[in-house]
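The following exercises are to be worked through with the sequence and the structure at hand. Each task is followed by a solution in steps.

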Amino acid sequence: MSMKYAHTNVNAKDWEKLRDFYCAVFEGKVVPPERDLGGAWFEKASGVKGAHVRGCHVALPGYEEGGPVLEIFTHENGFGEPGAFNHAGFGHLGILVDNVEETYKKLLENGGSSDGQVVSHYYENKGQTLTMIYAKDPEGNIIEIMRWDDGKLPNAE
């Protein structure tokens, strides 16, 4: 038996708004069909009485067709407590980009935000510099926008 990574799920307040955000900022492509899941089988699988989700899958760049996706669901019957299947949000999503500053600007133009700032840090043990920022999508979910470069940058901390 083999295993492979399939998706990361984010439980959104407004799945359509987050779909549009991830497509606009991170060049995502919607993978049909739109999801509308519920019923006894879904209750049983999730362990949540009345479980019903609507949403979609978004393929982010860097993988061939059929690669991992961001699964964006809205729970039609509200959210549960942290640790439950129907809790809100995720930890963070890491996305490698060519230009952190440009992507961050695009994120801000599309309703995202950040409490931090773009930084660079040289990892001696890797011989590479990480340039990154933890930013937020319109619902406050955290996205690490990142780029690895060989060699030490002059302003690395």
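A residue counts as buried under 20% relative accessible area, as exposed over 50%, and as partly exposed in between. The model examined here is predicted.

**Exercise 1.** Determine whether Gly47 is buried or exposed, and locate this residue in the chain.

*Solution.* Step 1: Gly47 belongs to the loop that joins helix H2 (40–46) to strand E3 (52–59). Step 2: the relative accessibility of Gly47 is 65%. Step 3: the cut-off for exposed is over 50%, and Gly47 therefore counts as exposed. Step 4: Gly47 and Ala84 are separated by 37 residues in sequence, and their C-alpha atoms are 8.9 Å apart in space.

**Exercise 2.** Describe the open sheet of 4 strands and state which helices lie across its strands.

*Solution.* Step 1: the strand order is E5-E8-E7-E6, with mixed pairing. Step 2: strand E5 (92–96) and strand E6 (119–123) are the edge strands, each pairing on one side only. Step 3: from one strand to the next, the twist averages 30°. Step 4: E6 pairs with strand E7 (residues 128–136) in the antiparallel sense over 5 bridges; His121 stands opposite Leu130 in E7. Step 5: helix H1 (residues 15–26) lies across E5, E7 and strand E8 (142–150), at about 20° to E8. Helix H3 (residues 100–109) lies across E7 and E8 and runs at about 5° to E7.

**Exercise 3.** Identify which elements have the lowest and the highest mean pLDDT, and where the pLDDT is below 50.

*Solution.* Step 1: the chain has a mean pLDDT of 88, with 93% of its residues at 70 or more. Step 2: among its elements, E5 has the lowest mean (87) and H1 the highest (97). Step 3: the pLDDT is below 50 over residues 153–157, a stretch with 9 contacts in the model beyond near neighbours in sequence. Step 4: where pLDDT is low, the predicted coordinates should not be read in detail.

Notes: Residues are numbered from 1 along each chain as its sequence is written. This is a predicted model: local features need pLDDT of at least 70, side-chain atom pairs count only at pLDDT 80 or more; totals for chains, interfaces and linings use all residues. Side-chain values use heavy atoms; hydrogens and water are left out. Two strands pair if DSSP finds at least two bridges between them. Helices (H or I, at least four residues) and strands (E, at least two) are DSSP runs, numbered from the N terminus. Axes are lines fitted to C-alpha atoms, for helices over the stretch in contact, and angles run from 0 to 180 degrees between N-to-C directions. Contact means heavy atoms within 4.5 Å. Buried means under 20% relative accessible area, exposed over 50%, partly exposed in between (1.4 Å probe, protein chains only). pLDDT is the predictor's confidence in each residue, from 0 to 100.
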